Amino acid sequence: MTLNFDPKAKATTLYQGEFRPMFIGGKWVAAQSGQEMEALNPATGEVLATVPRGGAADVDAAVAAARAAFEGPWSKFSPYERQCVLLRIADLFEAHWEELSVSDTLDMGLPITRTLANRRRVIGMLRFYGGMATALHGEAIDNSIPGEIVSFTRREPVGVVGAIIPWNAPTAASVWKIAPALATGCTIVLKPSEEASLTPLLIAGLMQEAGLPDGVVNIVTGTGAEAGVRLAEHPDVNKIVFTGSTLTGQAIARAGVTNLKRVSLELGGKSPIIVCSDADIDKAVPVAAMAVFVHSGQVCIAGSRLFVAREIHDEFVRRVAEFAGGLRIGHGIEAETEIGPLINARQAGKVEGYIKAGSDEGAKLVAGGSRLAGAPYDGGNFIAPTVFGAVSDKMTIAREEIFGPVISAMPFDTLDEAVARANATPYGLAAGVFTTHLGTAHKLARRIKAGSVWVNMYHAIDPAVPFGGMKMSGYGREGGIEHLHEYLETKSVWIQTD
């Protein structure tokens with residue numbers, strides 16, 4: 001990608017270690033406790049800014065503001081007016097896209113070329129949900145009750161939504177939670193990850209500029225153990241939507257029982273990629289590799305279990321390893337960087353532990369496997385893209401979600417075997433298939449237990465297409481009309497006319 005601006009120059013002026021308040025009820029505020037947290041650049045370890053360490057009292061204030069807006073000014077907005085707000089937000093995102101992209105890169109490490117490339121998806125989401133705001137409706141239903149009785153349904157907003165998002169895609173994750181809430185007439189309290197809180201605060205400012213009434217969107221920064229737990233269990237929150245780990249998702253689901261709030265969960269994955277013997281190897285190698293290595297493996301849909309037909313296994317794994325070795329690793333703000341840092345030292349240490357476990361359990365390290373040190377990596381959390389061969393299904397690296405740049409390659413002999421092994425996981429978020437045979441593509445897409453199956457591609461996500469998991473990868477969908485229904489209640493109305 002050719003850049004028409006200097007991201008490093010913009011980065012030097014965007015954050016300079018200053019305090020960035022959170023956004024509650026249309027006002028920029030500190031935590032009631034006065035506590036703050038540091039936002040660190042994962043590529044350097046430097047402090048970008050400080051943000052409030054919000055707690056239960058701040059969540060309570062945000063929920064109260066959201067409730068007041070839901071029952072007050074926001075309830076008077078027509079579908080057309082909500083649509084206009086969303087379209088104005090989309091225009092402002094477009095005008096400030098370079099700033100949002102640089103903020104994402106600084107805050108969580110994804111290379112600037114990739115954050116910039118998310119433009120179509122994110123702005124497309126805002127415009128998609130803006131378009132859908134005027135297309136929501138109930139149904140007139142013929143009933144069988146004697147007499148002249150009319151029955152129909154209404155679609156009404158569920159109320160106050162609590163959203164908790166991860167650190168690996170702040171702009172996209174924020175919009176994926178906020179936009180459907182606005183389209184349906186809900187209000188929202190968003191709790192970003194403590195590892196990447198800065199971009200959601202920029203987003204709040206743009207949404208205020210677009211004309212949202214105070215309290216419709218609220219951003220509470222803080223830890224999951226403090227602000228996140230209170231939001232999940234809050235008795236005046238009608239719905240919780242969460243993206244993150246399966247373990248945390250289970251705790252959120254339990255917390256939702258307190259007032260039987262709606263819960264949508266997009267959780268972890270251990271996604272398989274099946275490369276058939278007739279696959280186009282030249283096309284499949286880079287796609288299969290980047291299915292994991294994009295964002296240093298820190299994506300829930302990472303295709304980290306690579307099943308390759310035995311006839312082509314050795315060549316395919318060798319070429320994936322060569323591809324991994326040629327990737328440019330560095331600071332995300334550098335235009336030539338292809339692989340950035342892991343989010344923090346704790347995550348880097350965890351990934352190193354998985355790499356050691358792979359070697360200790362007998363897997364063959366064929367690429368990477370090391371933490372990078374020395375200039376220009378000092379202060380950062382960089383791990384070389386790693387490929388293991390000779391992996392068995394029982395090994396730790398083949399069973400557990402690593403959330404790092406690690407591929408486990410395994411041969412298979414028959415498609416039945418590949419499907420059985422691909423499905424032999426508690427997760428079911430995504431999968432990939434590479435084949436030039438249309439019949440094989442359809443058969444595997446039907447048999448693989450995953451919420452999304454990509455054929456001869458990976459990572460495709462569109463606002464109009466539902467996305468979500470099966471099994472321990474969660475429930476509920478984001479994208480498409482199904483996403484909007486997650487934020488709506490169905491009310492049945494009966495009217496006797498005689």
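Tutor: A nonpolar core here is a set of buried Ala, Val, Leu, Ile, Met, Phe, Trp, Tyr and Cys residues joined through side-chain atoms within 4.5 Å. Buried means under 20% relative accessible area, with exposed over 50% and partly exposed in between (1.4 Å probe, protein chains only). The model is predicted, so local features need pLDDT of at least 70 and side-chain atom pairs count only at pLDDT 80 or more, while totals for chains, interfaces and linings use all residues. Residues are numbered from 1 along each chain as its sequence is written, and side-chain values use heavy atoms, leaving out hydrogens and water.

Student: How many residues are in the largest nonpolar core, and which have the most contacts inside it?

Tutor: The largest nonpolar core has 157 residues, and F93, F293, L306 and F316 have the most contacts inside it.

Student: What is L306 in contact with, leaving aside neighbours within four places in sequence?

Tutor: With contact meaning heavy atoms within 4.5 Å, L306 meets I273, V275, A288, F316, V320, I407, S408, A409 and M410. There is also a second, separate core of six residues, M108, W167, I343 and F403 among them.

Student: Now K177. Where does it lie, and is it buried or exposed?

Tutor: K177 lies in helix α7. Helices are DSSP runs (H or I, at least four residues), numbered from the N terminus. K177 is buried, with a relative accessible area of 1%.

Student: Which residues does K177 touch?

Tutor: Not counting residues up to four places away in sequence, K177 touches A163, I165, I188, L190, V241, T243, E478 and Y487.

Student: At what angle do α7 and α8 pack?

Tutor: About 50 degrees, with the axes of α7 (residues 170-184) and α8 (residues 198-209) 9 Å apart. That makes α7 oblique to α8; angles under 35 degrees count as roughly parallel, over 145 as roughly antiparallel, 65 to 115 as roughly perpendicular and the rest as oblique. Axes are lines fitted to C-alpha atoms over the stretch in contact, and angles run from 0 to 180 degrees between N-to-C directions.

Student: Which residues meet there?

Tutor: P170, T171, S174 and I178 in α7 meet T199, P200, I203 and M207 in α8. By class, the contact of α7 with α8 has five nonpolar, three polar and no charged residues.

Student: What about α15 and α16?

Tutor: Helix α15 (residues 415-423) packs against α16 (residues 438-447) at about 30 degrees, with axes 10 Å apart. The two are therefore roughly parallel to each other. L415, D416, V419 and N423 of α15 make the contact with T440, L444 and R447 of α16.

Terms used: Nonpolar A, V, L, I, M, F, W, Y, C, P; charged D, E, K, R; others polar.
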